[in-house]
Amino acid sequence: MSTPSLAALPIRRLTLRDLTACADLSENRGWPREEHKWGFLLTAGKGYGIDDPSGGLAAACVVTEYGPSERPDLGAVGMVLVAERHARQGVGRRLMRHVVATMGTTPLTLHATPNGRPLYEELGFKVTGRAEMLVGRFTPGGPESGVPTRAATAEDLPAILRLDEEVFGADRTPLITRLPAFADQLRVAEQDGRITGYTAAWPNMDTHVIGPLVARDTETAKALIGSLAACTDRPLRTDIDVRHEELLAWAKARGLASVAFNAVMTYGITDLPGDWTRRFAPLTVAAG
């Protein structure tokens, strides 16, 4: 009995039951398994995949939608992976074309690695920015910012949601309300009783990922990162918009090293909505 070609296999929705298969696919491509992140994305977003006739997944990706459910303002595409044995056979292209068609008129965004960028450009995505990935052990030092921060409470959530929508440019309530359970730390900066920034640190393999990072200014962003670093003994990782040059220089001076650059790309819009001057880092590059 002949094995069906991948071009004939259906693209289906993924669920939490596919978590292990998604992690296996990550591992197959040399990525960390990232089961904690996969679980979050499959719950908060919509996973799409192609089953491998020999078992597991041949390809997968996740789309996280923001704004009204019936007419999203933006969709973030992430975790686009094709099993090594099916690479360079058009499987990723077919999956992405399905996603673009399924999303219809909804604008899309993604963070592209240098390897993935040519495919996305072929599909009509345009580069609109760049993010720099930093990893390392944070070393305190230098003058204190003087910006007060504290652990977030349940009472802070409405204010965090208002600030996030203002800065991100779309309502991310389903994602942000999952942060207290997903992250090990959720902290806010506060000035005169008003929340001026917030951030989280969530576990990913042996690191704590800092994101989202939303702040009124660079000093507030520094204070939030420093407050997270003081409460973990893990290396930190974050992906900072390269336009925030001062924050990048400060983080590198505190022990974080540049390990990669990703292109921020959009489809259907010329630039991301919201206020980039207060948007320092995404929750994860897979979800924007």
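The largest pocket is lined by 42 residues. Those nearest its centre are W31, V80, L81, T113 and G116. The model is predicted, and the pocket's volume comes to about 1,200 Å³.

Where does the lining come from? Six elements are named here: β4, α3, β5, α4 (117–122), β6 (126–136) and β12 each supply at least two residues of the lining of the largest pocket. Strand β4 gives the largest share, 6 residues.

Now the second largest pocket. Its volume is about 400 Å³. It is lined by 31 residues, and H111, D241, V264, L272 and R279 are the closest to its centre. Two or more lining residues come from each of β4, β5, β6, α5 (157–168), β11 (236–241) and β13 (279–281). Here β6 gives the most, with 4 residues. The lining of the second largest pocket holds 17 nonpolar, 6 polar and 8 charged residues.

Strand β5 spans residues 108–112. Is it buried or exposed? It is mostly covered, with 5 of its 5 residues buried. In a regular strand the side chains alternate between the two faces of the sheet. In β5, L108, L110 and A112 point one way. T109 and H111 point the other way. Buried here means under 20% relative accessible area, and residues on both sides of β5 are buried. H111 is also one of the residues closest to the centre of the second largest pocket.

Which strands pair with β5? One is β4, residues 74–82. The two pair in the parallel sense over 3 bridges. Find G75, which stands opposite L108 in β5. The other is β12, residues 257–267. It runs antiparallel to β5, and 5 bridges join the two. Here L110 stands opposite M265 in β12.

Helix α3 covers residues 91–103. Together, β4, α3 and β5 make a right-handed β-α-β unit.

Terms used: Residues are numbered from 1 along each chain as its sequence is written. This is a predicted model: local features need pLDDT of at least 70, side-chain atom pairs count only at pLDDT 80 or more; totals for chains, interfaces and linings use all residues. Side-chain values use heavy atoms; hydrogens and water are left out. Buried means under 20% relative accessible area, exposed over 50%, partly exposed in between (1.4 Å probe, protein chains only). Two strands pair if DSSP finds at least two bridges between them. A crossover is right-handed if, with the strands pointing away from the viewer, the path from the first strand over the helix to the second runs clockwise. On a 1 Å grid over the protein atoms alone, a cavity is a set of points where a 1.4 Å probe fits but cannot get out, and a pocket is an open set with protein on both sides within 12 Å along at least five of seven lines; lining residues have an atom within 4 Å of a point. Grid points are joined across faces, edges and corners, and a volume is the space filled by probe spheres set on the points. Ala, Val, Leu, Ile, Met, Phe, Trp, Tyr, Cys and Pro count as nonpolar, Asp, Glu, Lys and Arg as charged, and the others, Gly among them, as polar.
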